[in-house]
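I set out to record what I looked up in this structure, entry by entry. The entries are meant for a reader who has not seen it before.

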Amino acid sequence: LPQVVGDRIVVSQSNNESSDMLNFGFEPSAPATSGADCVKEGWSFAAYEASSGRQLWEFCPNAKQFPDLDLKLSQGMQFALGSDRLYVPLLMRDLPQQKQSDRLIALDAATGAQSWTINQNFRQSLPLDGKPYLLNGNLQTTKRKVSSEVFGSSVVGVGDRTIVLTGKLNAPVTLKAFESATGKAIWQQNLPDSLAAEVISFDSVVRNCLLANQRQVFHINPAGGMTILDAQTGKVLTRIDGEFWGPTIVTETSIYQFGRTAIAAYNATTGKRQWQHPITVPNQSENFVFPGATTPEPVYTRSYHLPKDGSKAHIQVVALDAKTGKLRWQKSLEYPRDMEIAVTPVATAKEVQFVSADPNTSDATDLQVVSLDSKTGDVRWTFPLRISGDGQAVVRVYGLMSGDKQQVFIRDRAPRFRHWLAHLNASWH
């Protein structure tokens, strides 16, 4: 996903006609060119000025440098940002009778120039091409390809360290740390956790992943718990046992786990649970909890309450005190039935933004960004998102990002919508 860092936005961008990001209908090929036009050939990374949208640089992994690049699988991997580097996992094609090594590239975040590259296997940790995988808890062997990462990444940047998760499915995992400036190996830590993966909706895969704050790296085993390590030395600090299938957010002091029935907070250094807040579900309703957001003060989450009798559903937004877990306020937002709007909210010091249905229209596909006051939950402003009847596209189209200067960015992966974005007083598009 795009990331906002200081005065710029860094994005992984593709041309759908050649890469087919939405439907995975055919195999894209690696871009044959580099430079300003490389995105037209398939895929590139770019940085844009946050205040104006002006492109600052672009990097394209072209075919001459990486002739065996598997563009489709590489696009499903999350890139990571360190203090001054962008880390990009590149997966190579699995060729018959030829053992391939994936690559990790470090780019200078200021210029997009390649700083270093090392061999690093990522592909072996993904359920691919007929290898057994889990679907809804059942072992499957159907031939398929899955590459997306959802709740974390295989690579994180922590200060002057670049930390990589590697391993094979159903085998113990290894964490490796490299010097961010040079790619020199610093430490390696073998963990007893097995590498697990479970395919979920839209061919995404919940698997072992890494999260980080400024001092620590957090290895999440969705079936077994979390291990907290010192990023500088690789020393294991503590471990939290339990299942971590849901989304998790880490800060400098706390870990927030958003489960189906409760939200729990843990101390980021000791792993001790600080509080747990239950999620109330109305009778005869299905409940879905999605990733939340946090600031130094409130912790936000939202759950979708879907009545089984077909009556009106709604989105329940909850704001909790970050230190105690006590309820500050809750707010009910419109939910358009039979539409998926699982867009992660973003929070700034004074407000938090969600995507919901527009209560002022009869068209169920009219959505809006809703900004709620962090202290009261009152609506501060709304921003219309009209998607012209294409309700199922929203989960693959929109995304929200927040910046350091009270800015909110809307990610729209369908260029056909640009004609109306130009008329909504956006700073740029």
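**Basis of the entries.** I worked from a predicted model, in which local features need pLDDT of at least 70, side-chain atom pairs count only at pLDDT 80 or more, and totals for chains, interfaces and linings use all residues. Residues are numbered from 1 along each chain as its sequence is written, and side-chain values use heavy atoms, with hydrogens and water left out.

**Aromatic pairs.** I searched the whole structure and found 4 aromatic pairs. Rings of Phe, Tyr and Trp (its six-membered ring) pair if their centres lie within 6.5 Å; planes under 30 degrees apart count as stacked, over 60 as edge-to-face and the rest as tilted. One of the pairs is F45 with F79, edge-to-face, at 5.6 Å centre to centre and 90° between the planes. The two residues are 34 apart in the chain: F45 belongs to strand β3 (residues 43–49), and F79 to the loop between α2 (71–75) and β5 (80–81). Helices (H or I, at least four residues) and strands (E, at least two) are DSSP runs, numbered from the N terminus. I noted both F45 and F79 as buried, a term that means under 20% relative accessible area, with exposed over 50% and partly exposed in between (1.4 Å probe, protein chains only).

I then turned to Y87 and W116, whose ring centres are 6.2 Å apart with planes at 40°, so this pair is tilted. Y87 in strand β6 (residues 85–90) and W116 in strand β8 (residues 114–119) are 29 residues apart. Y87 is buried, at a relative accessible area of 1%; W116 counts as buried at 7%.

**Nonpolar cores.** Which residues of the largest nonpolar core touch the most other members? Of its 17 residues, I listed F45, W57, F79, L86, V88, L90 and L107. A nonpolar core is a set of buried Ala, Val, Leu, Ile, Met, Phe, Trp, Tyr and Cys residues joined through side-chain atoms within 4.5 Å. At least two residues of this core come from each of β3, β4 (55–59), β6 and β7 (103–108). Another core, of 16 residues, lies apart from it and includes Y304, L306, A313 and V370.

**Residue Y300.** I located Y300 in strand β27 (residues 298–307) and found it buried, with a relative accessible area of 0%. Beyond its neighbours within four places in sequence, Y300 is in contact (heavy atoms within 4.5 Å) with residues including F258, W329, V352 and F354.

**Residue E351.** Is E351 buried or exposed? It counts as buried, at 10% relative accessibility, and its place is in strand β31 (residues 351–357). A polar contact is a pair of N or O atoms within 3.5 Å; within protein, one must be able to donate a hydrogen and the other to accept it, and residues adjacent in sequence count only if both atoms are side-chain atoms. The side chain of E351 makes such contacts with the side chains of Q353 (3.5 Å) and W381 (3.0 Å).

**Strand β24.** In strand β24 (residues 262–267), I noted 5 of the 6 residues as buried. Strands pair if DSSP finds at least two bridges between them. β24 runs antiparallel to β23 (residues 254–258), joined by 5 bridges, and the two form a hairpin with 3 residues between them. On the β25 (residues 273–278) side, 5 bridges again join antiparallel strands, and A262 stands opposite P278. The hairpin of β24 and β25 has 5 residues between the strands, and G271 takes a positive phi near 80° there.
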